[in-house]
2 protein chains.
Amino acid sequence: MAEERRISMAVIRRLPRYYRYLGELLEKGVNKISSRELSEKMNVTASQIRQDLNNFGGFGQQGYGYNVEHLHKEIAKILGLHQNYKMIIIGVGNLGQALANYSSFEKRGFKLAGLFDVNPRLIGMSIRGLEVQDIDKMENFVKENNIEIAILTMPKTRVKQVAENLAQWGIKGLWNFSAVDLFLPDHVQVENVHLSHSLMTLAYKINDAEEIN
Amino acid sequence: MAEERRISMAVIRRLPRYYRYLGELLEKGVNKISSRELSEKMNVTASQIRQDLNNFGGFGQQGYGYNVEHLHKEIAKILGLHQNYKMIIIGVGNLGQALANYSSFEKRGFKLAGLFDVNPRLIGMSIRGLEVQDIDKMENFVKENNIEIAILTMPKTRVKQVAENLAQWGIKGLWNFSAVDLFLPDHVQVENVHLSHSLMTLAYKINDAEEIN
């Protein structure tokens, strides 16, 4: 795996999209595809596709194209989707509820195991068969159930402390939706979703397009 | 502005984070900061900061550092945050409601003007003073109110058609939360938020870290 170590995060971040497209092709019964065809479907250059996939030793054969099932499986392995993850959601407001209802995560091996909140009005409520629990019960739950991923959708002010606790309890990854940058020990991976950053990027694109036209 | 044209999207995507940090500094009354100090706060290298900001002609002075207010304002201008945007949300389920409740967008000039859904149980419901309207009323609303941005949080199956309609009605930007890639005319900018891609990237980081340790 030493070779994979040098792959840039920019390439890694493009892999889920390949994974999704290949999954759609599989569902349609398509077994092989050329980089040119894949390129037309995905609206990226064929050379970008070849470069990206060559990072992993390349799974294509000259004149044949890619074996869709094999490539799909290999990308899954690279992304770590060949195994399952147990997740909890902390903060069951609208965003937490929206994420709890995403059934597509489960299909990819991300299993929601628990929901936590501090709000007495939410505690006891049931979403997809899971009851929202008091955050006081979280430490035991995380340790007893070997929870790997915590989704942080609670108010900004509480995030830092909760994240540090989770790190101590052995959590492996945090999916952080708050606008707080977390600096944690190396054994905890953090993936931030900054929705406002994405909206600002859209504003940039709008302005940039107007200046061109 | 010809010079800005060559700035890569990778740099652009880092700007909202600078913008947020500089905003926090301003709130604390900090007026100047060196790239070294900013680097420690943001956990990126000082040289990365200098490189990024030099893309815009550089706002720092040797031995003085950056004028926080000036830099904050310049980044706002680059990102297009010096003007206001009128937005609508299409699909007022949990995710749509969560986004409707983000008051921080408004502070940055993104004003929510309308909410639309097809679900009779949601139509008429009020969120932050806005009533959810029947999607049939959307065409007139978009045209009469010069709506610039539409947030797409409705089911995947409807996204393509709605996006094409919005493009015809003169919308400038789509903030797309569905796992559907949109290919639209050049006058419409699209920013995709693929939550499942972000979760897969977290899985990659977890696996990668385990292989190292």
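Predicted model: local features only at pLDDT ≥ 70, side-chain atom pairs only at ≥ 80, totals over all residues.
Next I traced the strands of chain A. Seven of them make an open sheet with mixed pairing, and I wrote down the order as β6-β7-β5-β4-β8-β9-β10. Which strands stand at the edges? I found β6 (126–127) and β10 (189–192) of chain A there, each with a single partner strand, so each has one side without a neighbour in the sheet.

I looked at β4(A), residues 85–90, in more detail. Five of its six residues are buried, so I put the strand down as mostly covered. On one flank, β4(A) pairs with β5(A), residues 110–117, in the parallel sense over six bridges. Within that pairing, M87(A) has L112(A) as its bridge partner. Strand β8(A), residues 149–152, also runs parallel to β4(A), and four bridges join the two. Here I picked out I90(A), whose bridge partner in β8(A) is L152(A).

Further along, β9(A), residues 173–176, pairs with β10(A) through four bridges, again in the parallel sense. G173(A) sits opposite Q189(A) of β10(A).

Then I checked what packs on the sheet from chain A itself. Helix α8(A), residues 156–168, touches β4, β8 and β9 of chain A, and its direction makes about 175 degrees with that of β8(A).

**Where chain B comes in**

Chain B also reaches this sheet: α9(B) lies across β4, β5, β8, β9 and β10 of chain A, at about 165 degrees to β10(A).

That sent me to the whole contact. I got 48 residues from chain B and 48 residues from chain A. On the chain B side, the elements that each supply at least two residues are α1 (9–27), α5 (94–100), α6 (103–107), β9 (173–176), β10 (189–192) and α9 (195–212). Which of them gives the largest share? It is α9(B), with 15 residues. By type, I noted 23 nonpolar, 16 polar and nine charged residues on this side of chain B.

**The core**

Last, I went through the largest nonpolar core, which has 114 residues. L79, A150 and L152, in chain A and in chain B, touch the most other members. I followed one of these, L79(A), leaving out residues up to four places away in sequence. L79(A) touches L15(A), P16(A) and Y19(A) in chain A, and M200(B), A203(B) and Y204(B) in chain B.

Technical notes. Residues numbered from 1 in each chain as written. Chains lettered and ligands numbered in written order. Contact = placed C-beta atoms within 7 Å. Nonpolar A, V, L, I, M, F, W, Y, C, P; charged D, E, K, R; others polar. Core = buried A, V, L, I, M, F, W, Y, C linked by C-beta atoms within 7 Å. Buried ≥ 20, exposed ≤ 12 C-beta atoms within 10 Å, placed from the backbone. Pairing = 2+ DSSP bridges. Axes fitted to C-alpha atoms, helices over the stretch in contact; angles between N-to-C directions.
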